[in-house]
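Work through the exercises below with the structure at hand. Each task is followed by a solution in steps.

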Amino acid sequence: MIFASGIGALYGVISIFKSGFPLLSLIINIAVAMLMCYIIFGFSSIISHIRNTIVYYSVSFLLGGSMTALYTLINNGIAGRSVMINGSTHTMYNDIPLWCFILLALLSVIISYICGFIIKRKAASKKAVLKVTYKGQSIELDGLCDSGNLLCEPAGGLRVAVCSYEKLEGILPLGVRPLFRDNKVGLLEFCDVEFSKRVRIIPVSHIGGRSVLIGLIPDKAEVNGERKELCIACTTDTKSFGEAECIIPAEIL
């Protein structure tokens, strides 16, 4: 995030001194914004990337408008200095005082953390139905959307939904079930080559240490009827599932 912000700040400074054709400037502006979103969020699909960029612009416009409003309100309470321009008297205002800017920055941080906490708590309580299809076989799982599920499969960066082996077993070919049931990576070499391309070894860090999960890239995954790019992993530790049958990363919603 810091690196992407640095790129945006550098572009902002350069754009003040290097003004060109309006259309070219607009194209470069959009390209920089998309680059920043790619650095922060990665790339899962073109629709997701465009959505992230639109949200970025929306927040930027909101922030810009808020700062303009604050500048105007603060200066209304500050006596300006009168200057003569072309025979007319105009009032010149100073920048926002440093103490006021620091106070606003701290307030913004506090509000951001509070809003982030509320959103995470709200997302964590959401329920959703996950439908997974592989080779014509489908299963439906009642899922819990968990903001704490940050797992990604390392090959393509897809988010990972986690369920029990018993739930995933129904769509797995017979010959590969021991691989997922026993979580033994060594059995992968005995699997069919085409199937092996769908298997992902996912490193996991947790309170008890580190381990791996074995995941499958299905033909199709749908959350509440909406198609999503997901990897489906299974585990024997389902204590955190509560009454749900799987844990879905809240971010994909």
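In this predicted model, residues 24 or more positions apart make up 53% of the contacts in the protein that have a separation of 6 or more. The protein has seven helices and eleven strands, and 30% of its 253 residues count as buried.

**Exercise 1.** Compare the reach of helix H2 with its expected span.

Solution. Step one: H2 covers residues 22-41, which is 20 residues. Step two: at 1.5 Å a residue, 28 Å is expected. Step three: from first C-alpha to last, H2 reaches 28 Å, close to that expectation. After the helix comes Gly42, with a positive phi near 75 degrees.

**Exercise 2.** Determine how the buried residues of H2 are arranged around its axis.

Solution. Step one: list the buried residues of H2, namely Val32, Ala33, Met36 and Cys37. Step two: viewed down the axis of H2, these buried residues fall within an arc of 135 degrees, so they line one face of the helix.

**Exercise 3.** Describe how H1 and H2 pack, by axis distance, angle and handedness.

Solution. Step one: the axes of H1 (residues 2-17) and H2 come within 8 Å and cross at roughly 165 degrees. Step two: angles over 145 degrees count as roughly antiparallel, and H1 and H2 are therefore roughly antiparallel to each other. Step three: the crossing in which H1 passes H2 is right-handed. Step four: H1 contributes Phe3, Ala4, Ser5, Ile7, Gly8 and Tyr11 to the contact, while H2 contributes Ser25, Ile28, Asn29, Val32, Leu35, Met36, Ile39 and Ile40.

How values were computed
Residues numbered from 1 in each chain as written. Predicted model: local features only at pLDDT ≥ 70, side-chain atom pairs only at ≥ 80, totals over all residues. Heavy atoms only, no water. Helix = DSSP H or I, 4+ residues; strand = E, 2+ residues; numbered from the N terminus. Expected span 1.5 Å × (residues − 1). Buried < 20%, exposed > 50% of the residue type's maximum accessible area, 1.4 Å probe, protein only. Arc of directions from axis to C-beta. Axes fitted to C-alpha atoms, helices over the stretch in contact; angles between N-to-C directions. Parallel < 35°, antiparallel > 145°, perpendicular 65-115°, else oblique. Left-handed = near helix turned anticlockwise from the far one by under 90°. Contact = heavy atoms within 4.5 Å.
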